[in-house]
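My notes follow in the order I took them.

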Amino acid sequence: MHRLIVSVIPQNSAGLITTVANSSGAAGASVLLGRGTASNAIIQLLGLGDTSKEIVLTVVDEKISAEVISAIKKAVAEKKHFGVVFSMAVPSFIRSGEVADSDEKPQKIINSGDDNMADIKNTDSYEMINIIVNKGYAEDAMAAARKAGAGGGTILSARGTAKEGDEKFFGMEIVPEKEMLLILVPSDKKNDVLSAVKALPCFEKAGSGIIFSSEVKSFSLLGK
């Protein structure tokens with residue numbers, strides 16, 4: 001079993017995170033660029049303000065995931081409101097032509113949040129809501145999610161990969177430019193957020209977007 005460690009941090013900080021992760025046993029990482037959407041300091045689960053962000057994705061063996069997360073937290077412990085880190089189960093992992101499948105159920109990992117996280121420490125179960133929409137609609141989705149109880153989110157620029165002819169096959173309009181919105185919410189708010197986003201006019205047209213969610217473990221704020 002593997003885990004995907006996700007670090008959402010300020011721009012130009014990915015080098016520090018990847019170096020620390022590699023020194024703790026991680027083999028490598030991928031870095032994505034995004035921007036935060038959080039509106040205040042206490043609900044900045046993913047956003048941490050309307051600023052440029054880097055998202056570092058690191059897949060590691062589950063046996064060392066806690067060690068890697070601990071090393072990342074320690075490396076930025078003195079930085080103020082630096083970001084967030086959490087992990088997600090990866091039951092299938094492909095590398096160099098090999099597929100490593102596991103039928104094991106993910107083991108429960110104890111929330112490694114700090115004691116001073118008074119507003120979120122009572123919840124150790126989170127969901128990552130992933131929303132992919134046509135360019136220009138991610139802000140609308142974030143506004144709806146906030147009204148339903150979400151804090152902040154991170155918006156990534158993306159593009160579709162459909163080829164000519166797919167429009168007829170799928171019966172939908174192909175729009176190359178996309179936006180991907182990542183929102184981290186306590187599990188008990190997931191359904192409310194999903195319902196709010198699905199009700200938006202931009203989701204009424206078939207093929208205008210998709211929404212999916214994944215369980216998150218080991219969520220911690222980075223820095224002090």
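What percentage of the 224 residues in the protein chain do buried residues make up? I looked it up: buried residues make up 43%. Buried here means under 20% relative accessible area, exposed means over 50%, and partly exposed is in between, with a 1.4 Å probe and protein chains only.

Ground rules first. This is a predicted model, where local features need pLDDT of at least 70 and side-chain atom pairs count only at pLDDT 80 or more, while totals for chains, interfaces and linings use all residues. Residues are numbered from 1 along each chain as its sequence is written, and side-chain values use heavy atoms, with hydrogens and water left out.

**Overall**

I counted 5 helices and 10 strands in the protein chain. Helices (H or I, at least four residues) and strands (E, at least two) are DSSP runs, numbered from the N terminus. I then checked contacts, meaning heavy atoms within 4.5 Å. Of those in the protein chain with a separation of 6 or more, 81% come from residues 24 or more positions apart. The accessible surface is about 12,100 Å², and carbon and sulfur atoms hold 51% of it. That area comes from the Shrake-Rupley method with a 1.4 Å probe.

**Helix H2**

I checked the length of H2 (residues 62-75).

Which residues of H2 are buried? I found Glu62, Ser65, Val68, Ile69, Ile72 and Lys73. They cover an arc of only 135° around the axis, so they sit on the same side of H2. The arc is taken from the directions from the helix axis to the C-beta atoms. An α-helix has 3.6 residues a turn, so residues three or four places apart point the same way. On the other side of H2, I noted Lys63, Ala66 and Lys74 as exposed.

The buried residues of H2 pack against several elements, including strand E1 (2-10), helix H1 (14-23) and strand E10 (209-222). At the N-terminal end, Asp61 caps H2, with a side-chain oxygen 2.8 Å from the backbone nitrogen of Lys63.

**Helix H3**

In H3 (residues 138-147) I listed Ala138, Ala141, Met142, Ala144 and Ala145 as buried. They span an arc of only 165° around the axis, which puts them on the same side of H3. Just after H3, Gly149 has a positive phi of about 115°.

**Aromatic pair**

I found 1 aromatic pair in the structure. Its rings, Tyr126 and Phe219, have centres 4.7 Å apart and planes at 40°, so the pair is tilted. Rings of Phe, Tyr and Trp (its six-membered ring) pair if their centres lie within 6.5 Å; planes under 30 degrees apart count as stacked, over 60 as edge-to-face and the rest as tilted. Tyr126 is in strand E7 (residues 126-134) and Phe219 in strand E10, 93 residues apart. Tyr126 is buried at 2% relative accessible area. Phe219 is also buried, at 2%.

**Two single residues**

Phe82 lies in the loop between H2 and E4. At 7% relative accessibility, Phe82 counts as buried. Its C-alpha is 5.0 Å from that of Gly223, 141 residues away in sequence.

Leu32 is in strand E2 (residues 30-36). Is Leu32 buried or partly exposed? Leu32 is partly exposed, at 34%. Leaving out residues up to four places away in sequence, Leu32 touches Lys53, Glu54, Ile55, Leu57 and Leu156.

How values were computed. A polar contact is a pair of N or O atoms within 3.5 Å; within protein, one must be able to donate a hydrogen and the other to accept it, and residues adjacent in sequence count only if both atoms are side-chain atoms.
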